[in-house]
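Colleague: Could we go through this model together? I should like to ask about its architecture before I turn to individual residues.

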Amino acid sequence: MSHHPQMPQPAPPIIPRYPSLHLPSSPDAPACTSHHPQMPQPAPPIIPISHGKGRSCTAPRAAPGRPLAKRSRAPFPSLPHRGRAELRRPLGGAGRCRRRGVPQPWAVAGRVGEPLPCAPGQLASVPAASMSSAPVFLDAGAVQKHWPASRALLAALEAALAAFCSGAEGGVVQPLRTVLPIQKHSGFLGVMPAYSANDDALTTKLVTFYENVSPSHQATVLLFDPTNGALKAMMDGNVITAKRTAAVSAIATKYLMPAVSEVLCILGAGIQAYSHYELFTELFSFKEIRIWNRTKENAEKFARTVNGPVQICSSVQMAVNGADVIVTVTMATQPILRGEWVKPGAHINAIGASRPDWRELDDSVMSNSVLYVDSKEAALRESGDVILSGASISAELGEVILGSKPALREKTTVFKSLGMAIEDTIAGKMVFEGWSASG
């Protein structure tokens with residue numbers, strides 16, 4: 001707004017710092033609602049000006065005896081165009097002025113059109129309560145820092161898997177994941193929502209998978225308040241996915257591995273290989289651990305990085321020969337593990353090949369093993385190992401936990417893991433609770 005030449009220049013316009021606006025900071029914009037100390041007089045009072053039926057906004061009253069100066073077309077000259085546009089949008093339950101660029105003197109925390117008490121000429125500030133309700137972001141480091149103790153996580157996941165297999169009484173609501181193909185870039189976007197009534201936890205995971213990109217998987221877990229739908233936290237989903245997948249594999253291994261298991265074999269050297277190694281060496285007592293990877297350099301890097309001796313194998317056959325527990329965590333689209341190489345009575349955790357036309361295990365492995373899955377519905381829709389082999393599913397892991405289906409550890413067993421949203425829900429809630437407890 002232009003000013004009379006004899007009038008002292010007022011302070012720059014005061015812009016309320018709403019957390020949801022994300023306006024660029026400017027050294028010319030004060031951080032509070034007090035007036036500039038060099039101003040000889042306070043700002044003029046704010047009065048409503050009518051702009052026709054149903055339209056009004058606020059503008060300064062002219063000083064006595066002086067005409068109101070012509071309004072400038074750029075009420076916030078220090079802000080870029082995007083900032084002015086964002087300020088004009090209605091935010092949450094905030095009222096707004098319909099005249100371009102002029103904010104109403106009430107904050108986003110109130111009901112629609114409800115003014116907050118403030119002195120004339122001042123813009124209302126956002127109450128602390130509304131600021132504290134903004135969602136938090138927990139990056140990979142924070143998720144690692146507040147990751148729950150292994151045994152506490154495994155107990156919670158076992159309960160959730162059992163609840164999933166208990167139907168409506170279990171209180172788990174989890175649709176099949178939605179997968180959106182991005183054919184132009186050889187990628188996929190997966191959406192995985194779930195709610196646990198027993199834990200009163202609601203999450204959605206967004207995960208992308210790109211075949212020719214490193215990292216191939218990127219994920220974010222959104223945690224909501226189930227009582228009102230408010231977003232509470234956004235968490236790095238890569239760490240959650242890797243660690244909760246290893247935890248579910250450990251549960252399956254506990255029930256299905258041979259009574260005497262001394263040799264662990266890991267096929268693959270990516271993030272899932274690290275998470276499985278870390279948890280399996282914590283929970284089980286293997287005397288020998290072997291690794292194979294299509295790229296030998298990555299297998300060597302894995303062996304240098306982990307805390308313990310690892311034998312690097314030059315072929316899959318050499319790696320799995322005589323192994324009691326096998327973990328396949330590869331990007332394979334064609335079978336890499338053959339049935340004639342597998343020791344009778346071994347247990348296999350098959351983690352990769354999560355598409356209906358991808359495979360890690362050949363028909364011999366699938367037909368000569370007792371097959372367990374995390375979800376029958378998902379396995380019959382998403383797992384190439386199950387669909388293309390025509391193998392019969394013996395049970396879901398949750399049924400084994402409940403005791404309604406047997407754990408045939410004396411036979412060769414396969415646990416086909418596709419990952420379920422309820423696993424992200426349990427892990428995400430525990431991470432958030434750990435962060436909240438830390439203050």
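Colleague: What sort of model is it, and how are residues numbered?

Modeller: This is a predicted model, in which local features need pLDDT of at least 70, side-chain atom pairs count only at pLDDT 80 or more, and totals for chains, interfaces and linings use all residues. Residues are numbered from 1 along each chain as its sequence is written, and side-chain values use heavy atoms, with hydrogens and water left out.

Colleague: How many helices and strands does the protein have?

Modeller: The protein has 13 helices and 17 strands. Both are DSSP runs numbered from the N terminus: helices are H or I with at least four residues, and strands are E with at least two.

Colleague: And what share of the residues is buried?

Modeller: Of the 439 residues, 46% are buried. Buried means under 20% relative accessible area, exposed means over 50%, and partly exposed lies in between, with a 1.4 Å probe and protein chains only.

Colleague: Let us take H4. What span should helix H4 have, and what does the model give?

Modeller: Helix H4 covers residues 150-164, and its 15 residues should span 21 Å at 1.5 Å a residue; the end C-alpha atoms are 21 Å apart, which agrees. The expected span is 1.5 Å times one less than the number of residues.

Colleague: Which residues of H4 are buried, and what covers them?

Modeller: The buried residues of H4 are Ser150, Leu153, Leu154, Leu157, Glu158, Ala160, Leu161, Ala162 and Ala163. Their cover includes strand S4 (172-173), helix H5 (237-256), helix H6 (271-283), helix H12 (397-402) and helix H13 (421-437).

Colleague: You mention H5. How many of its residues are buried?

Modeller: In H5, 18 of the 20 residues are buried, so the helix is largely enclosed by the rest of the structure. H5 reaches 28 Å from its first C-alpha to its last, close to the 28 Å expected. At its start, a side-chain oxygen of Asp236 comes to within 3.1 Å of the backbone nitrogen of Asn238.

Colleague: Which element gives the most to the largest nonpolar core?

Modeller: The largest nonpolar core has 68 residues, of which Val143, Met235, Ile251, Leu264, Phe280, Phe302 and Leu397 touch the most other members. H5 gives the most to this core, with 10 residues. A nonpolar core is a set of buried Ala, Val, Leu, Ile, Met, Phe, Trp, Tyr and Cys residues joined through side-chain atoms within 4.5 Å.

Colleague: How many residues are in the second core?

Modeller: The second, separate core has 29 residues, including Val320, Ala323, Leu337 and Ala378.

Colleague: Finally, what is the backbone like at Pro215 and Ser186?

Modeller: Most residues other than glycine have a negative phi, and most peptide bonds are trans. The peptide bond from Ser214 to Pro215 is cis, with omega near 0°, and Pro215 lies in the loop between S7 and strand S8 (217-224). Ser186 is not a glycine, yet has a positive phi of about 55°; Ser186 counts as partly exposed, at 30% relative accessibility.

Definitions and conventions:
Contact = heavy atoms within 4.5 Å. Polar contact = N/O pair within 3.5 Å; in protein donor to acceptor, adjacent residues only side chain to side chain.
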